[in-house]
2 protein chains.
Amino acid sequence: MSESREKVSSKDTREIIMEATFRALSKHGYKDLRMRDIGEEMELTRQVIHYHFDGKYDLLSSFLKHIIDQYEGSVEVNEDADVRTELNARIDQCLFGPEFEEFGHWDRMKVYHELYTYAQNDGEHREIFNDHYDRIRNSIVEVIEEGIEEGTFEDVDAHRMGQLITDVIHAARGRRISLGHEDAPEEARNAIDEFILDSLHDPN
Amino acid sequence: MSESREKVSSKDTREIIMEATFRALSKHGYKDLRMRDIGEEMELTRQVIHYHFDGKYDLLSSFLKHIIDQYEGSVEVNEDADVRTELNARIDQCLFGPEFEEFGHWDRMKVYHELYTYAQNDGEHREIFNDHYDRIRNSIVEVIEEGIEEGTFEDVDAHRMGQLITDVIHAARGRRISLGHEDAPEEARNAIDEFILDSLHDPN
């Protein structure tokens, strides 16, 4: 087997393990999860998990990075779009989620929010979430800054506004998941338009 | 023993059990918590827990109601304060927390946010959190409405603004707890002032 074929095969195996982890986490939750639960969700022998990952914690950290990578990689913004269209697209994709072939946005977000809460006691996961938070916030800050530079937006504190929007998105997703408020993302979108993004317009 | 003395004593016992539950939850987290962990945090015999509560779940639901009651009961607003002062006081108390004699605001919030995340799978806790959410949001909505009626505030959608502020407060607390952003409540307070409450002022 050539080296490149081996890599492809190894990548596929990791993908299969990630999908099995997703199914197992959805069924059992994070704290109750055992390696055998993951093994039961795939056709490969459980030994391949131990070959690819150094225990349950390593597997779950890799899984967290995996869903964050997929999430960030799926945010599609047209290069030619004007700043207002790009800003709206970024907010909508974080709030309502991109389309995934397998495991929908809200299935992912349930796992994501559960791991986020646990990050208070977990330095490695906290670092993964912090890096992700920075990238999401910065992607919003940058498009606000771009709009200010070209004169489309008012001269606001772009960093503060990006942080506020990121917080609102996170809370609305959490409210939908924990409190069952199905309309929370839609409500948050309307509130962002009415009370936050209005500061970008010339008030006169 | 007279009936009233018995009631006082029973109330004290429940209080002792609640405090032991707090200590045990802080040490072990929600999912790993066993009744014996709570028993080890108090001087009374573990049997009193079973006398007062119908198992671990009943105890934890009572505990959740207990910390929410204490939290809501501790929000102090001067009856004579003008609407702007009252609105600021309510936002600050939710963000930075009231003073407690035992177990500080952030110790409480850690437990609160952990139980909040679990409420996605727990109908009874979800209802307790929903009632609490409604009361906190409404307390902010009402003071905005009062300010609009008396002509101090611009005529905004008070319900939407109250919900937005409640979401921002929740996200900032969660960010401090999960990501370790010590300044998150302060940053949220500044962002609320600059981008949300500015809509209450006459822009001209």
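What pattern does chain A follow, read along the sequence? The pattern is α-α-α-α-α-α-α-α-α, and the tally for chain A is 9 helices and 0 strands. Here helices (H or I, at least four residues) and strands (E, at least two) are DSSP runs, numbered from the N terminus. Taken along the principal axes, the C-alpha atoms of chain A fill a box of roughly 65 × 45 × 30 Å.

A word on the ground rules. This is a predicted model, in which local features need pLDDT of at least 70 and side-chain atom pairs count only at pLDDT 80 or more, while totals for chains, interfaces and linings use all residues. Residues are numbered from 1 along each chain as its sequence is written, chains are lettered from A and ligands numbered from 1 in the order in which they are written, and side-chain values use heavy atoms, with hydrogens and water left out.

Start inside one chain. Chain A is split into domain 1 (1-52) and domain 2 (60-200), with bounds that come from an automatic or database domain assignment. The C-alpha centres of these two domains of chain A sit 28 Å apart. On the contact count (heavy atoms within 4.5 Å), 12 residues of domain 1 of chain A touch 16 residues of domain 2 of chain A. The two domains of chain A bury about 1,300 Å² between them, and 76% of that is on carbon and sulfur atoms; buried area is the accessible area (1.4 Å probe) that two parts lose on being put together, summed over both. On the domain 1 side, A:M18, A:F22 and A:Y30 lose the most area to domain 2 of chain A, together 56% of what that side buries.

Now for the two chains. Chain A superposes on chain B by a rotation of 180 degrees with 0.0 Å of shift along its axis (RMSD 0.0 Å), which is the relation of a two-fold axis.

In numbers, 40 residues of chain A are in contact with 40 residues of chain B. Chain A and chain B bury about 3,800 Å² between them, 54% of it on carbon and sulfur atoms. A:R160, A:L179 and A:F195 supply 18% of the area that chain A buries against chain B, more than any other three residues.

Between chain A and chain B there are 4 salt bridges, including the one that joins the side chains of A:D167 and B:R175 (2.8 Å, N to O). The rule also finds 20 residue pairs in polar contact across the interface of chain A and chain B (both at pLDDT 80 or more). On the chain A side, α6 (105-118), α7 (123-149), α8 (158-179) and α9 (184-196) each supply at least two residues, and α8(A) gives the most, with 13 residues.

Over all chains, the structure holds 28 salt bridges. One of chain A's own pairs A:D193 with A:R189, with the closest N and O atoms 2.7 Å apart; both residues lie in helix α9 of chain A, 4 residues apart, about one turn of the helix.

Note on methods:
Copies are superposed by least squares on the C-alpha atoms of residues with pLDDT of at least 70 in both. A polar contact is a pair of N or O atoms within 3.5 Å; within protein, one must be able to donate a hydrogen and the other to accept it, and residues adjacent in sequence count only if both atoms are side-chain atoms.
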